[in-house]
Amino acid sequence: MLHKTEKLKETPSQTAGPYVAIGMAPNAEKFADIKGVFDQDLGVTMLAEDTKGERIEIVINVIDGDGVPVTDGLVELWQADADGNYVKDVDPITGGFTGFGRQVINDKGEFLFETIKPGRVTGPDGEKMAPHVALWIVARGINIGLQTRLYFEDEADANAADWVLNKIPNPVRRQTLIARKEQGGTLPRYVLDVYLQGDKETVFFDV
């Protein structure tokens with residue numbers, strides 16, 4: 001006689017909650033405000049004084065399904081340098097361009113970062129992809145970090161031929177990844193509204 005096999009219940013999923021900011025941005029006054037462990041949080045800046053490339057600002061507005069700004073999350077940004085190369089090594093003494101940024105979302109529901117406009121990286125098809133940055137977004141209520149991309153409005157020709165953008169069947173949905181160009185303070189500013197749900201939901205990737 002076979003032993004009775006009991007079915008186990010699925011372990012409840014856990015959202016990021018407020019702990020993601022405490023663990024990943026302890027110095028942020030908005031959240032943990034834990035000083036003295038690190039001089040500064042990892043990813044606060046990715047630039048050095050001699051970083052090559054056009055300096056720009058990137059603004060990400062994170063908006064929930066009700067159209068309300070998300071103010072308790074965190075965004076990471078990953079990108080190539082001005083020549084289209086990903087950084088492999090950064091000198092811990094002299095520093096340099098890292099290609100990685102991380103900040104908590106402010107009380108307006110936005111993430112603002114000063115960086116450089118990335119160069120074109122070679123895609124899986126061997127052709128150059130359009131300039132872009134990869135985004136990773138976490139917040140309360142998000143079980144798994146959301147992966148998406150930001151492309152630049154003023155790179156229309158490159159966007160039209162981009163390998164990833166063309167994998168999105170609906171051309172209208174591709175527009176959810178195109179950041180509009182605005183004049184910020186002293187730098188060109190690219191703004192992307194990221195909608196987590198709803199009719200305007202941003203395209204997210206299963207990476």
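Good morning. Leucine 150 is buried, with a relative accessible area of 0%; buried means under 20% relative accessible area, exposed over 50%, and partly exposed in between, with a 1.4 Å probe and protein chains only. The structure is a predicted model, in which local features need pLDDT of at least 70 and side-chain atom pairs count only at pLDDT 80 or more, while totals for chains, interfaces and linings use all residues. Residues are numbered from 1 along each chain as its sequence is written, and side-chain values use heavy atoms, leaving out hydrogens and water.

Let me begin with the chain as a whole. The protein chain has three helices and eight strands; helices (H or I, at least four residues) and strands (E, at least two) are DSSP runs, numbered from the N terminus. Along the sequence, the pattern is α-β-β-β-β-β-β-α-α-β-β. Of the 207 residues, 43% are buried.

I return to leucine 150. This residue belongs to strand β6, residues 146–152. Which residues does leucine 150 touch, not counting those up to four places away in sequence? They are Ile58, Ile60, Pro131, His132, Val133, Leu135, Leu177, Ala179 and Leu192, where contact means heavy atoms within 4.5 Å. Leucine 177 is 27 residues from leucine 150 in sequence, yet their C-alpha atoms are 5.2 Å apart.

Next, the neighbouring strands. Strand β6 runs antiparallel to β5, joined by six bridges; two strands pair if DSSP finds at least two bridges between them. Histidine 132 stands opposite tyrosine 151 of β6. Five of the seven residues in strand β5, residues 132–138, are buried. Strand β5 also pairs with β2, residues 74–79, in the antiparallel sense over six bridges. There, valine 75 has isoleucine 137 in β5 as its bridge partner.

Finally, the aromatic rings. The whole structure contains three aromatic pairs; rings of Phe, Tyr and Trp (its six-membered ring) pair if their centres lie within 6.5 Å, and planes under 30 degrees apart count as stacked, over 60 as edge-to-face and the rest as tilted. One of them is the tilted pair of tryptophan 78 and phenylalanine 100, with 4.5 Å centre to centre and 50° between the planes. Tryptophan 78 is in strand β2 and phenylalanine 100 in strand β3, 22 residues apart. Tryptophan 78 is partly exposed, at 44% relative accessible area, whereas phenylalanine 100 is buried, at 10%. Thank you.
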